[in-house]
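Work through the exercises below with the sequence and the 3D structure at hand. Each task is followed by a solution in steps.

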Amino acid sequence: MTAPIELWYWPTPNGWKVSIALEEMGLAYEMKPVNIGVGEQFTPEFQAISPNGRMPAIVDPDGPGGAPLSIFESGAILQYLGNKSGKFYPTDVRQRVEIDQWLFWQVGGLGPMAGQTHHFRQYAPAIIKDQRQIAYSVRRYTDETHRLYGVMDRRLADRDYLAGDYSIADMAAWPWILPEHQGQDLAHFPHLAAWMARVGERPAVKAGRALGDEMRRNLAASGKAAEEARKVLFGQRAR
């Protein structure tokens with residue numbers, strides 16, 4: 001019996017992508033917490049696995065040829081896990097291209113834009129006293145997130161999942177639809193709302209989303225701990 005996959009993780013949308021995938025694929029794993037609020041992502045141990053200093057990352061002790069393999073970047077991890085398990089990432093080229101398009105759409109569009117929306121709507125007000133300085137950024141990213149919701153809503157008008165059958169593309173996108181934090185109303189996006197409910201009812205999605213939930217902290221809160229965490233997360237420069 002091989003050792004479980006190490007999941008280097010913190011409970012955020014990017015972390016949930018991989019915990020959901022591991023649960024869905026039935027792969028044995030061990031969670032290794034990376035507390036991003038205190039800077040554990042900058043330790044030499046973690047950066048040997050994730051040179052970008054971002055979680056999630058995985059170490060598969062039973063990689064290709066039986067040798068350990070470490071992987072960073074959530075999209076690459078999802079592809080690897082799909083290949084390893086043979087689930088939710090078919091080998092047919094046309095099906096795989098369809099999935100890859102929506103996976104990379106999430107990685108390059110939905111995630112970064114929604115992430116900036118979170119930053120300027122939730123965290124920047126706790127950092128910048130003059131709210132006029134962030135008004136344009138709030139509007140810019142909230143509007144772009146609204147546009148991306150619309151892209152998904154149109155896509156889901158005539159199908160249950162982004163790439164046909166349920167796949168790693170859905171696992172990547174689902175954690176990033178957080179309308180209450182992004183200034184959105186799902187009543188305007190009925191197909192997206194139905195998809196959110198459909199995916200969210202899957203037992204493996206519930207389990208992956210709940211992983212480490214007790215570790216989460218409100219980074220928009222007042223107080224010294226939240227202030228120090230914001231300095232760690234939002235004051236990074238090259239090291």
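**Exercise 1. State how strand β1 pairs with strand β3, and over how many bridges.**

Step 1. Strand β1 covers residues 5–9 and strand β3 covers residues 57–60. Helices (H or I, at least four residues) and strands (E, at least two) are DSSP runs, numbered from the N terminus.

Step 2. The two strands pair in the antiparallel sense, over three bridges. Two strands pair if DSSP finds at least two bridges between them.

Step 3. Within this pairing, Glu-6 is opposite Val-59 in β3.

A note on the source: this is a predicted model, in which local features need pLDDT of at least 70 and side-chain atom pairs count only at pLDDT 80 or more, while totals for chains, interfaces and linings use all residues. Residues are numbered from 1 along each chain as its sequence is written, and side-chain values use heavy atoms, with hydrogens and water left out.

**Exercise 2. Find which strand runs parallel to β1, then give the order of the strands in the sheet.**

Step 1. β1 and β2 run parallel and are joined by five bridges. In this pair, Leu-7 is opposite Met-31 in β2.

Step 2. The sheet is open, has four strands in the order β2-β1-β3-β4, and its pairing is mixed. At the edges are β2 (29–33) and β4 (69–72), each with a single partner strand, so one side of each has no neighbour in the sheet.

Step 3. On average, neighbouring strands of this sheet are turned by 20° against each other, direction ignored. For such angles, axes are lines fitted to C-alpha atoms, for helices over the stretch in contact, and angles run from 0 to 180 degrees between N-to-C directions.

**Exercise 3. Decide whether the residues of β1 are mainly buried or exposed, and name the helix that lies across β1.**

Step 1. Four of the five residues of β1 are buried, so this strand is largely enclosed by the rest of the structure. Buried means under 20% relative accessible area, exposed over 50%, and partly exposed in between (1.4 Å probe, protein chains only).

Step 2. Helix α1 lies across β1, β2 and β3, and runs at about 155° to β1.

**Exercise 4. Describe the surroundings of Val-59.**

Step 1. Val-59 lies in strand β3 and counts as buried, at 15% relative accessibility.

Step 2. Leaving aside neighbours within four places in sequence, Val-59 is in contact (heavy atoms within 4.5 Å) with Ile-5, Glu-6, Trp-8, Ile-49, Leu-69 and Ser-70.

Step 3. Gln-95 is 36 residues from Val-59 along the chain, and their C-alpha atoms are separated by 27 Å.

**Exercise 5. Describe the largest pocket: its space, its lining, and the place of Thr-12.**

Step 1. About 1400 Å³ of space lies in the largest pocket. On a 1 Å grid over the protein atoms alone, a pocket is an open set of points where a 1.4 Å probe fits, with protein on both sides within 12 Å along at least five of seven lines; lining residues have an atom within 4 Å of a point. Grid points are joined across faces, edges and corners, and a volume is the space filled by probe spheres set on the points.

Step 2. The lining has 48 residues, and those nearest the centre of the pocket are Thr-12, Pro-13, Ile-36, Trp-176 and Leu-233. Elements that give two or more residues to this lining are α1 (13–25), α3 (74–85), α4 (93–127), α7 (179–182) and α10 (224–234). The largest share, 10 residues, comes from α4.

Step 3. Thr-12 is in the loop between β1 and α1 and counts as buried at 16% relative accessibility. Not counting residues up to four places away in sequence, Thr-12 touches Ile-36, Met-55 and Arg-216.
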